[in-house]
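Okay, thanks for coming, everyone. Let me put the chain up on the screen, and then I'll walk you through a few spots in it.

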Amino acid sequence: MLFRSVPYGKPLTRTREYVSIVRQILRREAPLEHKGEHYQIPYAGPGATGLGKPLKSILHGRPELEIYTASIGPAGVACSAEVADGLIEAFAALRMRDGLRAVVLTGAGDKAFLGGADLDVLNTLDRKSARAYITSVHDICAGIRGCPVPVIGRINGYCIGAGMEIAAACDMRVVAAHAEFSMPEVQVGLPSVVEAAILPTLLGPGRARWLVFTGQSIDAQTADRWGFVEVLSDEGELDRDVDALVDTLVRAAPGAMITQKQLVLAWERLALSDAVEAGIDAFEASFTDRKSTRLNSSHSSVSRMPSSA
């Protein structure tokens, strides 16, 4: 068992502390985290670069549902090659899991979601290694976007450069009031690339230009007004708001949610007429086996309509 990421063995000898923990959990003042499957970073498999900093395990599961939280650590870590390797591997593994309902991606601690590239690493790159590095950042974002279920970005602090691109790749973002966002690449002599291309869709072209041309930061309140934020949390309420969003998502039918995410991604790349046709096909496919199709009326508009009798 983990409590606030601290492992406790059996038997627990600190009885008073144990009782306090249980009380907090029962009151929903603190989360109980069970050890599910873990994916270690830095990645040590084939193709590992050896760059980057020591990081913690990044995934743990809620046993009652297939919901996983990926925690990028340690606090304030830059987006090194090893971080990229670990996240790519983790999201590839999640795609293969049956019964997956949601993923929450967050940074360790409360200071930063994920920093930009490590300048010391960037200064060692040549053309070939630069292409490999920036492709790995894209591969993280592609893994998030390709995850079959919604990925929630729990933005707990600074979100810089590649970190903001990874946040943009998430389906929704729940953001702490003290978070800050920036795309500072031009200020260090590089363009903003890969999933920075999502920013005009999320923010509008003018605001996206402002971010990537100036390299200046915006606070969470500005990001909310600009459309980058789905939920702006009051101080100390970030976990409550993430839990509330997860609870809403898992009430949906699993198959319908998977189809809906596929459609949302298709809408981005298809012409309007093709997007509409894709939706018609998906709706029809939902009734392929009519006997097994049971619609949930508890949240439908039909269930709330007054009776005509």
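**A walk through the model**

Let's start with strands: β5 and strand β7 (residues 151-155) run parallel to each other and pair over four bridges. Pairing here means that DSSP finds at least two bridges between the strands. Helices (H or I, at least four residues) and strands (E, at least two) are DSSP runs, numbered from the N terminus.

Now, the ground rules. This is a predicted model, where local features need pLDDT of at least 70, side-chain atom pairs count only at pLDDT 80 or more, and totals for chains, interfaces and linings use all residues. Residues are numbered from 1 along each chain as its sequence is written, and side-chain values use heavy atoms, leaving out hydrogens and water.

How confident is the predictor? pLDDT is its confidence in each residue, from 0 to 100, and the chain averages 77, with 67% of the residues at 70 or above. Residues 1-15 stay under 50, and the model has 23 contacts for them beyond four places in sequence, a contact being heavy atoms within 4.5 Å. Residues 32-43 are also below 50, with 39 contacts beyond near neighbours in sequence.

On to the cysteines. There are zero disulfides in the structure, a disulfide being a pair of cysteine sulfur atoms within 2.5 Å. For C147, the nearest cysteine sulfur belongs to C170, 9.9 Å away. C147 counts as buried because its relative accessibility is 1%.

Next, helix α9 (residues 238-250), where D241 sits. With 13% relative accessibility, D241 counts as buried. Its side chain makes a polar contact of 3.1 Å with that of R240; that term means N or O atoms within 3.5 Å, within protein one able to donate a hydrogen and the other to accept it, with residues adjacent in sequence counting only if both atoms are side-chain atoms. Beyond four places in sequence, D241 touches V174, V231, S233 and D234.

Last stop: A92, in helix α2 (residues 81-95), is partly exposed at 41%. Its C-alpha is 6.5 Å from that of G143, 51 residues apart along the chain.

Note on methods:
pLDDT = per-residue confidence, 0-100. Buried < 20%, exposed > 50% of the residue type's maximum accessible area, 1.4 Å probe, protein only.
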